[in-house]
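Take a moment with the sequence and the 3D view first.

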Amino acid sequence: MAHPSQDEPRRQRLLGMGGIPLPDREEDFAADPAELFFDLTFVFAFSRLVYLLVHDPSWGGVGRFALLFVMIWFPWSQFTWSANAVPGNSRPVRLLFMVATVASIPMAGSVTAAFDDGGPVFAIMLSVILAVALFTMIAGLSTEPEVRAAALRYSVPNWVAIALMVVGGFVSGQGRVWLWLAALGILLVGTVRAGSSEWLIRPGHFAERHGLLVIVALGEVIVAVGLPVVDNLTEGAGLSAQTVVALVAAGVFAVLLWWGYFDRPNPALEHRHSQVGGGVASGRFARDVYTYLHVPLIGGIILSAAALEEITLHPGDTLSGPFRWMLLAGLAGYLLAVAGAVARGFGRLASERLVAAATLAALIAGAGPLDGVVLLVAVDAVLLAMLVVEHFRVEVRHRADGSG
């Protein structure tokens with residue numbers, strides 16, 4: 001059996017936790033299949049969130065959705081940070097991902113009952129995921145003293161938040177809401193304070209992981225519009241012309257959201273991230289663009305999915321007020337989050353996104369007499385126009401700069 005030479009890259013040496021290969025700081029890597037498998041459980045969680053919105057289309061329902069989504073987001077985000085610093089292709093880390101994956105299933109299954117009898121299961125399983133993610137980073141950085149010290153400091157408020165989440169799961173009524181809000185507040189303060197520390201950041205991995213979760217959310221759009229139609233077919237109701245148009249319009253909607261994120265912003269932000277340098281600056285960029293701004297981006301897609309389900313179920317009916325506001329809030333979250341990421345990364349105004357958000361606000365808010373399918377087609381037209389104008393503006397700028 002051959003032995004590694006002393007000149008072999010540090011990534012080949014076995015470090016920490018009985019053998020985690022730690023890549024060089026400059027080395028990036030793709031997401032491991034264990035990470036992708038872990039993400040699949042969030043398909044289940046997102047579908048439960050859409051179910052919650054569809055069956056409780058009220059301000060209270062949207063508020064509960066927002067609280068649960070952000071609670072789910074923090075453990076997923078922490079695992080992304082951990083796997084970014086500690087590669088996921090070693091058996092110890094893969095095993096930890098499998099533990100988190102198993103815990104994610106009852107967590108997702110209890111989403112719709114999280115404010116009732118499912119609260120303890122939801123809180124405990126979510127806390128297990130967050131605890132495993134923290135342990136993965138702390139134990140896997142035994143040879144990076146500065147980063148490990150930062151991870152240890154960052155973990156302290158996380159353990160307090162975990163305790164509050166678990167206790168909140170066993171408290172009834174508004175007490176549960178306040179304890180969970182307090183836990184989120186502590187987690188948020190922890191991320192703000194962490195911005196002054198040095199972290200191991202690999203831009204390509206960060207961009208890929210968040211892009212994959214965007215795809216998971218967009219997949220939920222397809223599921224949300226497809227399942228009700230399948231139920232109608234099972235009952236022998238058939239597909240009306242309006243339903244077919246609504247399905248096509250919903251498909252176009254999903255494609256436009258995909259294009260609006262992956263065609264330019266995602267690769268551009270990854271490239272910009274690689275240019276800011278390592279250490280504190282790179283960590284702050286990752287925190288602002290990915291940990292923070294992807295919350296309204298992905299949450300907005302899920303909100304839109306609930307509205308699209310209502311449209312495809314009743315394409316010939318006027319879209320009711322609650323679902324109109326969900327559609328508007330979802331699109332605004334998505335568009336403004338991308339615009340915010342562009343501003344943070346490049347110091348430039350994504351003017352087409354802002355104009356589109358304002359146009360959609362006027363269209364959807366004043367859409368009382370419009371059938372749902374007509375409204376969706378109009379929304380698609382606005383999004384398409386935004387992307388076309390943005391494309392030509394960026395291309396003209398590139399030619400003027402001599403860069404394309």
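Let's start inside: the lining of the largest cavity has six nonpolar, six polar and one charged residues. Here Ala, Val, Leu, Ile, Met, Phe, Trp, Tyr, Cys and Pro count as nonpolar, Asp, Glu, Lys and Arg as charged, and the others, Gly among them, as polar. A cavity is a set of points on a 1 Å grid over the protein atoms alone where a 1.4 Å probe fits but cannot get out, and lining residues have an atom within 4 Å of a point.

Before going on, a word on what you're looking at. This is a predicted model, where local features need pLDDT of at least 70 and side-chain atom pairs count only at pLDDT 80 or more, while totals for chains, interfaces and linings use all residues. Residues are numbered from 1 along each chain as its sequence is written, and side-chain values use heavy atoms, with hydrogens and water left out.

## The cavities

How many cavities of 30 Å³ or more does a search of the whole structure find? There are four of them. The table sets out two; a volume is the space filled by probe spheres set on the points, with grid points joined across faces, edges and corners.

| Cavity | Volume | Largest share of the lining |
|---|---|---|
| Largest cavity | about 170 Å³ | α2, four residues |
| Second largest cavity | about 60 Å³ | α14, three residues |

In the largest cavity, 13 residues make up the lining, and Q78, W81, Y154, T191 and A194 lie nearest its centre. At least two lining residues each come from α2 (59-85), α6 (174-194) and α10. Helices like these are DSSP runs (H or I, at least four residues), numbered from the N terminus.

For the second largest cavity, the lining is W259, G260, D263, R264, P265, R353, L387, E390 and H391. Two or more of these residues come from each of α8 (241-262) and α14 (372-401). By class, the lining splits into three nonpolar, two polar and four charged residues.

## How the helices pack

Now for α2 again, this time beside helix α4 (residues 119-140): their axes are 8 Å apart, at an angle of about 20 degrees. Axes are lines fitted to C-alpha atoms, for helices over the stretch in contact, and angles run from 0 to 180 degrees between N-to-C directions. So α2 and α4 are roughly parallel to each other (angles under 35 degrees count as roughly parallel, over 145 as roughly antiparallel). On the α2 side, the contact (heavy atoms within 4.5 Å) includes Q78 and W81, and on the α4 side the residues include F122 and M137. This contact has 16 nonpolar, three polar and no charged residues.

Helix α5 (residues 145-169) and α6 have axes that come within 8 Å and cross at roughly 170 degrees, so the two are roughly antiparallel. Among the residues that meet here are Y154 in α5, and T191 and A194 in α6. The contact of α5 with α6 divides into 14 nonpolar, five polar and one charged residues.

Last up is helix α10 (residues 279-292), whose axis comes within 9 Å of that of helix α12 (residues 321-346), with a crossing of roughly 165 degrees. That angle is why α10 and α12 are roughly antiparallel to each other. R284, F285, D288 and V289 of α10 make the contact with A341, R344 and G345 of α12. By class, that gives three nonpolar, one polar and three charged residues.

Key
Angles under 35 degrees count as roughly parallel, over 145 as roughly antiparallel, 65 to 115 as roughly perpendicular and the rest as oblique. On a 1 Å grid over the protein atoms alone, a cavity is a set of points where a 1.4 Å probe fits but cannot get out, and a pocket is an open set with protein on both sides within 12 Å along at least five of seven lines; lining residues have an atom within 4 Å of a point.
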